[in-house]
Amino acid sequence: MTPTASGKTGYHILKIDMAIEEIGSNKFSSDNSTQPPKNHTRRRRYSGTHPRKFEQKYKEHNISAYPEIKEHLLAKGKTPAGSHIPVLKEEVMECLKPESGQIVVDCTIGYGGHASEFIKHIGPNGKLIALDVDNAELERTRQRLSKENVPVSFHHSNFAGIAKVLKKETIDVCDIIFADLGVSSMQIDNPERGMSYKNEGPLDMRMDERLKQTAGDLLNSLSEEKLSKAFLELGDEPDHKEIAHLIVTKRRAEPITKTTQLVDLIFEAKGINKKIWRQQRRSSKSVSLHPAALVFQALRILVNDELGCLKELLRIAPYCLNPGGRIGIISFHSGEDRIVKKAFREGVRNGIYQRAAEEPIVPQREEINSNPRSASAKFRWAVRKDIEPRNDHDA
Ligand SMILES: C[S@@+](CC[C@H](N)C(=O)[O-])C[C@H]1O[C@@H](n2cnc3c(N)ncnc32)[C@H](O)[C@@H]1O
C-alpha cells in the first residue's frame, strides 16, 4: 500500500476505474426462461413484540402496502427503509438558484431527492446529468426519475471523472454542479454493504463495486502504523494506536471479516464493557457517539478514497462551469468541510470564483429533529467568475 504523494495522509491511492460504463450493459442475462422456477420460501416472521433489526420489521419491507408506516417513521425522526431524506434541500435551491433551461450536474444522485427538486426548477428545457458510483442505486433512481418530463442522463461514474462525463454528453460547461457527499441511507441501512456498526455484515464498505479492495482486505493487510494513521487522520479516533495494535494481533489468529468482529475488537481495545456502555447510553440524555463510529467512518473513507475524489472534483469543477455558474457541496465531517472551504477560498483569491459562502450553512433544529442524519451536514457554495470584459484594444 503506497502513501499519497504528499506523504501526509495515510489513505492509499485506489485505482478507481473512471471509464464511463453504460448502466446495466452486462448486468442482466438475456434469457432465464429455461431455468426451473425457484421454490418460494416465506421469510420467517418475528415472534417478539419489539423488532429491532430490519429483517424483523414486517411492514418496513412493504412500504407501499403499509403507507402509514412511512409517515409514522418520518414523524419519529427515522428514515423509512430503502429511501433517503435529502438534507438542506431548500437551502441548496436558494443558494444554487436553478432556473428554467439550465444544465445541472448532480454528482451524487443517490435516491434522487435533491435531483427531483432541481428538475422542478429547470423544467423540460433543462437537463439533469446524474452521476453515482453505486450502480444498483443509480438504476433504481433511474426507474423513479424516468417518469419526469425533463431530460435526465445517468452515468455510473465517480464525480472525480466529471469532465469525462461532460465530454461524453458533448457538453463543454454546465450551470450547476452539486455534490451531497458520503453515503445514502439505503447504503448505510443495508447490512450487506458492511458500512454500519449496528448490523452484522461483511466488512465490504465499497460504494463502487468496481473497487478492488474491501474494508476487510485493508484491515487484514495494512501495517499497524498505517491503520493507526488512517483512524487518526480520517476518523479523529483518540484510541487509534490501541485499536490498530489489537487488529494486527487478532488477525494473526483469524482474519477480520465481519462488522461485528470489528465492533467487539474496538470495545476491547477501548476497555469498554458493552453492557455497561448500553446502560449508560440509555440513561444519558445527550446522544453519545458509538465507540465504533469513528473507525467505521475512517475505514469507509479509506476504502472509497473519498477525500482524494473530492479534491479532484474541486480541482476540475471550475473548468466545467459556465461563467456565473454555481457549485454547491454538502459535507458530513470536518475533514471534508476543510477541503471544500479551502478550495472555494483559494478560488476566490485566484479569481476563479467571484464569491463563495463565508460560513457553512447548517440544518435548523427542526430539520435535525425530523432527520437526525442531517445533524453533521455543512453546505458551502461558490459562484464561477464571469468572463473578463473584452478589452477594446484587442478589437
Ligand atoms: C448522501 S447520498 C446522496 C443523496 C441524494 N442527494 C438524495 O437526495 O437522494 C451520497 C451518494 O453519493 C454517492 N457517492 C459517494 N461518493 C461518490 C463519488 N466519488 N462519485 C459519485 N458518487 C458518489 C453514493 O454512492 C451515494 O449514493
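## Crossing of α8 and α9

In this predicted model, where local features need pLDDT of at least 70, side-chain atom pairs count only at pLDDT 80 or more, and totals for chains, interfaces and linings use all residues, helices α8 and α9 form a right-handed crossing, meaning that the near helix is turned clockwise from the far one by less than a right angle. Residues are numbered from 1 along each chain as its sequence is written. The axes of α8 (residues 224-235) and α9 (residues 240-253) come within 8 Å and cross at roughly 140°, the axes being lines fitted to C-alpha atoms over the stretch in contact, with angles running from 0 to 180 degrees between N-to-C directions. That makes α8 oblique to α9, a term for angles that are not under 35 degrees (roughly parallel), over 145 (roughly antiparallel) or 65 to 115 (roughly perpendicular).

From α8, the residues E224, L227, S228, F231 and L232 meet H240, K241, I243, A244, H245, I247 and V248 of α9, contact requiring C-beta atoms, placed from the backbone, within 7 Å. By class, this contact has 7 nonpolar, 3 polar and 2 charged residues.

Most residues other than glycine have a negative phi.

Key
Helix = DSSP H or I, 4+ residues; strand = E, 2+ residues; numbered from the N terminus. Contact = placed C-beta atoms within 7 Å. Nonpolar A, V, L, I, M, F, W, Y, C, P; charged D, E, K, R; others polar.
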